[in-house]
Amino acid sequence: MLSAQTTDKKVNEVTPALFALASTPEAMAALSVEQILSTIRTVGLAPTKSRNLKALSRQLAEKHGGQVPSDEAALEALPGVGHKTASVVRAQAFGIPAF
């Protein structure tokens with residue numbers, strides 16, 4: 001989700017700080033968009049990604065018990081998750097061939 005319009009190197013730089021701030025969907029959903037934005041400001045499209053991270057985290061907590069779903073349609077229904085991101089998650093997190 002963070003990698004669109006930015007380098008993997010930059011994503012790898014901001015991700016540890018983001019997860020240090022909130023390591024669960026519930027904790028991420030409790031943050032303000034401004035807190036998330038200040039942590040990921042250096043990635044491309046950070047304002048939109050900040051809003052999507054908060055909304056995605058809230059949906060994971062409320063609709064999926066805090067767990068990332070493996071179902072393609074459920075993933076694509078999450079804010080900021082398109083087909084490519086859903087496919088990467090399915091392949092990398094769940095070992096489901098998606099490409």
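Ala61 touches Pro25, Glu26 and Gly66 when residues up to four places away in sequence are not counted; contact here means heavy atoms within 4.5 Å. The structure is a predicted model, in which local features need pLDDT of at least 70 and side-chain atom pairs count only at pLDDT 80 or more, while totals for chains, interfaces and linings use all residues. Residues are numbered from 1 along each chain as its sequence is written, and side-chain values use heavy atoms, with hydrogens and water left out.

Ala61 is found in helix H4; helices (H or I, at least four residues) and strands (E, at least two) are DSSP runs, numbered from the N terminus. With a relative accessible area of 23%, Ala61 is partly exposed. The terms for exposure are set as follows: buried means under 20% relative accessible area, exposed means over 50%, and partly exposed lies in between (1.4 Å probe, protein chains only). Between the C-alpha atoms of Ala61 and Ala22, which are 39 residues apart along the chain, the separation is 13 Å.

Two further residues of H4 were examined. The place of Ser57 is in this helix, and Ser57 is buried, with a relative accessible area of 5%. Leaving aside neighbours within four places in sequence, Ser57 is in contact with Pro25, Met28 and Ala29. Ser50 also lies in helix H4 and is buried, its relative accessible area being 0%. The side chain of Ser50 reaches the backbone oxygen of Ala46 at 2.8 Å. For such a polar contact, a pair of N or O atoms must lie within 3.5 Å; within protein, one must be able to donate a hydrogen and the other to accept it, and residues adjacent in sequence count only if both atoms are side-chain atoms. Residues up to four places away in sequence not being counted, Ser50 touches Val33, Ile36, Leu37 and Ile40.

The packing of helices was considered next. Two packed helices are described by the angle between their axes and the distance between the axes. Axes are lines fitted to C-alpha atoms, for helices over the stretch in contact, and angles run from 0 to 180 degrees between N-to-C directions. Helix H3 (residues 33–40) packs with helix H4 (residues 46–63) at an angle of about 130°, the axes being 9 Å apart. H3 is therefore oblique to H4; angles under 35 degrees count as roughly parallel, over 145 as roughly antiparallel, 65 to 115 as roughly perpendicular and the rest as oblique. The crossing of H3 and H4 is right-handed, a crossing being left-handed if the near helix is turned anticlockwise from the far one by less than a right angle, and right-handed if clockwise. On the H3 side, the contact is made by Val33, Ile36, Leu37 and Ile40, and H4 contributes Ala46, Pro47, Lys49, Ser50, Arg51, Leu53 and Lys54. These residues divide into 7 nonpolar, 1 polar and 3 charged, where Ala, Val, Leu, Ile, Met, Phe, Trp, Tyr, Cys and Pro count as nonpolar, Asp, Glu, Lys and Arg as charged, and the others, Gly among them, as polar.

H3 also packs with H1, the two axes coming within 9 Å and crossing at roughly 150°. This angle makes H1 roughly antiparallel to H3. H1 passes H3 in a right-handed crossing. The contact involves Val14, Ala17, Leu18 and Leu21 of H1 together with Gln35, Ile36, Thr39 and Ile40 of H3. Its residues comprise 6 nonpolar, 2 polar and no charged.

Most residues other than glycine have a negative phi, and most peptide bonds are trans. Gln5, although not a glycine, has a positive phi of about 65°. Gln5 is found in the segment before helix H1 (8–21) and is exposed, with a relative accessible area of 66%. Leu45 likewise is not a glycine and has a positive phi, of about 60°; Leu45 is found in the loop between H3 and H4.

Two residues further along the chain complete the account. Ala93 is placed in helix H6 (residues 83–94) and counts as exposed at 54% relative accessibility. Ala93 and Val11 are 82 residues apart in sequence and, C-alpha to C-alpha, 18 Å apart in space. Pro97 lies in the segment after H6 and is exposed, with a relative accessible area of 74%. The C-alpha atoms of Pro97 and Glu34 are separated by 36 Å, the residues being 63 residues apart along the chain.
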